[in-house]
Amino acid sequence: MAAQRRNLIQSHQSWTDDLPLCQLCGVGTATNCVYGADGKGTQSHPNEDGHLRFRGEDGCFLYGVFNGYDGGRVASFASQCLTAELLLGQLNARHSDSDVRRILTQAFDVVEKSFFETIDDALAEKAHLSNYLLPHNENVSFHQNQKVQERLKELEQEVSGGATAVVALILQEKLYIAGVGSNRALLCRSSSDGQNQVLQIGRPHSTDNEEELQRLSALGVDPARVRQAGQVAGQSSTRRLGDYRVKFNYNEIELLSAAEARPVIAEPEIHGSQSLVGVTGFLLLLSEGLINALEAAHGPEQANQELVAMVAAELALQPGLQAVAQAVVERVKRLHRDVFASGRQRASDCSQHEDMTLLLRTLDYPPAAGEATPTQGGRIYPVSVPYSNSQSTSKTSVTLSLVMPSQNTLTNGTSTASTLEEGTPTPGSQSPSATLQSSITQTQSSSSSSGDGSLFRQRGSQAAQPDETGRVPPYVDFSHFYRLWGGDQGEGGQAGLGPQ
């Protein structure tokens with residue numbers, strides 16, 4: 001079996017190729033980025049995240065987000081193996097809650113053991129070559145030593161690394177969440193009055209989790225030192241998949257050397273079941289990189305609410321769930337970059353971000369109006385504007401969509417010339433003037449535009465008409481900005497600025 005798993009990984013085949021993907025969810029991703037002094041971002045390593053989204057039988061759905069580190073092997077392996085351990089006949093409608101929790105726990109255990117089986121040969125070769133290079137071995141030439149060193153580096157890359165995981169299982173309209181590490185699951189319930197209630201399911205297994213510190217203390221590890229270090233063997237998570245060094249050689253790690261048993265484990269914390277009958281809303285699975293990027297930019301206080309607000313806004317705008325998830329990830333990425341570029345208080349925390357993954361699963365959520373033709377024949381341009389939060393001092397940027405319609409607007413599948421005046425919109429039609437669209441609802445906080453709107457020009461009752469160059473007058477008056485810029489830069493600094 002171990003040989004079969006090794007062959008599957010080497011050939012890039014999957015156990016789950018024949019399973020149908022779930023069409024009720026979308027996934028957004030972004031690769032890691034390090035910003036230079038000039039503000040340009042570069043990718044420091046290949047994407048190490050993974051995810052899964054499959055539909056099984058008997059009303060069974062499986063989703064997961066995996067945050068890999070020191071390579072993506074474990075995340076990739078876990079996304080395949082965990083699916084094979086859960087959706088190939090292991091679960092059915094007759095299972096009780098305790099049965100499901102037991103099967104989930106067993107699946108995580110099998111994933112870890114199976115991964116270590118796939119690297120057994122590489123570990124054995126690594127140990128053999130390490131002994132071959134012992135200092136007292138005088139029979140090794142310089143050339144041989146160099147070749148062995150290169151091979152050892154290859155083997156280390158092959159066996160190293162790990163992953164954290166958050167997995168959502170829906171079985172007969174019951175939700176179960178299983179996780180190891182610091183990924184996050186959010187359940188958003190939408191009420192009839194449009195309010196979104198956000199529930200974070202579970203806490204991260206990190207060095208500031210009191211229950212995890214108590215678990216480590218019971219094994220003989222000093223919790224105060226763990227809390228002060230903020231990391232365990234280079235990672236903030238105290239539970240993870242893979243990572244043979246911390247699993248088998250923990251006694252050689254000073255922080256963990258006093259442990260009486262394996263301190264960093266792959267046993268998941270499981271929450272559920274939670275009934276989804278009658279629930280309208282959506283489920284979010286977030287990688288640690290996405291969470292850290294948003295919290296670095298705006299602080300952790302309202303991160304969950306901000307993400308839900310972004311998703312709700314994009315659900316009202318985008319034509320598909322894949323586009324929604326990707327748009328939210330792009331928002332977070334843009335927020336993070338803008339804070340770094342601002343040079344303000346949090347800029348130093350936003351010099352880089354890790355890979356980001358967001359999985360969105362809707363729960364009887366109403367589709368966006370006019371979803372089939374979201375721009376009515378026009379094009380969408382993202383516009384980032386600030387909004388204030390009544391219960392938080394942090395600023396949040398909400399990306400709206402600036403919809404520029406085409407010359408002829410599609411109405412109910414036919415092409416008609418648009419002659420509607422501003423202020424009289426009808427379903428299926430779009431005013432010729434540019435319009436800002438946003439739908440944002442937030443739990444325990446409200447979002448509103450700051451200022452008196454004096455930056456926006458007043459329009460008459462007639463829609464703006466393009467001039468001979470095809471342009472329309474701007475909605476925003478930047479003259480105050482130009483005056484301030486001229487004051488800072490001198491008369492010469494104002495040259496070339498402003499409308500031409």
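**Aromatic pairs, buried strands and a hairpin**

Q: What makes arginine 361 a charge sitting over the ring of phenylalanine 61?
A: The charged end of arginine 361 is 4.8 Å from the centre of that ring. The rule asks for NZ of Lys or CZ of Arg within 6 Å of the ring centre and within 35 degrees of the ring normal, and the arginine is listed as sitting over the ring.

Q: What kind of model is this, and which atoms and numbering are used?
A: It is a predicted model, where local features need pLDDT of at least 70 and side-chain atom pairs count only at pLDDT 80 or more, while totals for chains, interfaces and linings use all residues. Residues are numbered from 1 along each chain as its sequence is written, and side-chain values use heavy atoms, with hydrogens and water left out.

Q: How many aromatic pairs are there, and why is the one between tyrosine 35 and phenylalanine 340 called stacked?
A: The structure has 5 aromatic pairs. In this one, the ring centres are 5.1 Å apart and the planes make an angle of 20°. Rings of Phe, Tyr and Trp (its six-membered ring) pair if their centres lie within 6.5 Å; planes under 30 degrees apart count as stacked, over 60 as edge-to-face and the rest as tilted. The pair is therefore stacked.

Q: Why can this pair be said to tie together separate parts of the chain?
A: Tyrosine 35 belongs to strand β2 (residues 33-35) and phenylalanine 340 to helix α11 (residues 321-342), so the parts they join are 305 residues apart in sequence. Helices (H or I, at least four residues) and strands (E, at least two) are DSSP runs, numbered from the N terminus.

Q: Why does tyrosine 35 count as buried?
A: Its relative accessibility is 9%. Buried means under 20% relative accessible area, exposed over 50%, and partly exposed in between (1.4 Å probe, protein chains only), so tyrosine 35 counts as buried.

Q: What angle makes the pair of phenylalanine 77 and phenylalanine 115 edge-to-face?
A: The planes are at 65°, and the centres are 5.6 Å apart. The pair links helix α2 (residues 73-86) to helix α3 (residues 97-118), so it ties parts that are 38 residues apart in sequence.

Q: What span should α2 have, and what do its end C-alpha atoms show?
A: The expected span is 1.5 Å times one less than the number of residues. For the 14 residues of α2 that gives 20 Å, and the end C-alpha atoms are 20 Å apart, which agrees. The helix is mostly covered, with 11 of its 14 residues buried, including Val74, Phe77 and Leu86.

Q: Why is asparagine 292 called partly exposed rather than buried or exposed?
A: Its relative accessible area is 40%, so it is partly exposed. This residue lies in helix α9 (residues 288-298).

Q: What makes strand β12 (residues 281-286) mostly covered?
A: In β12, 6 of 6 residues are buried. In a regular strand the side chains alternate between the two faces of the sheet. Here Gly281, Leu283 and Leu285 are buried on one side, and Phe282, Leu284 and Leu286 on the other.

Q: Which strands pair with β12, and over how many bridges?
A: Strand β8 (residues 184-190) is joined to it antiparallel by 6 bridges, and strand β14 (residues 356-363) also runs antiparallel over 6 bridges. Two strands pair if DSSP finds at least two bridges between them, so both links qualify.

Q: Why is β8 described as largely enclosed?
A: Of its 7 residues, 5 are buried, so the rest of the structure largely encloses β8. Another partner of β8 is strand β9 (residues 196-200), antiparallel with 5 bridges. Their hairpin has 5 residues between the strands, and glycine 194 there takes a positive phi near 90°.

Q: Why do β3 and β13 count as edge strands?
A: The open antiparallel sheet has 3 strands in the order β3-β2-β13. β3 (41-42) and β13 (352-353) each have a single partner strand, so one side of each lacks a neighbour in the sheet. Between β2 and β13 there are 2 bridges, with cysteine 33 opposite histidine 353.
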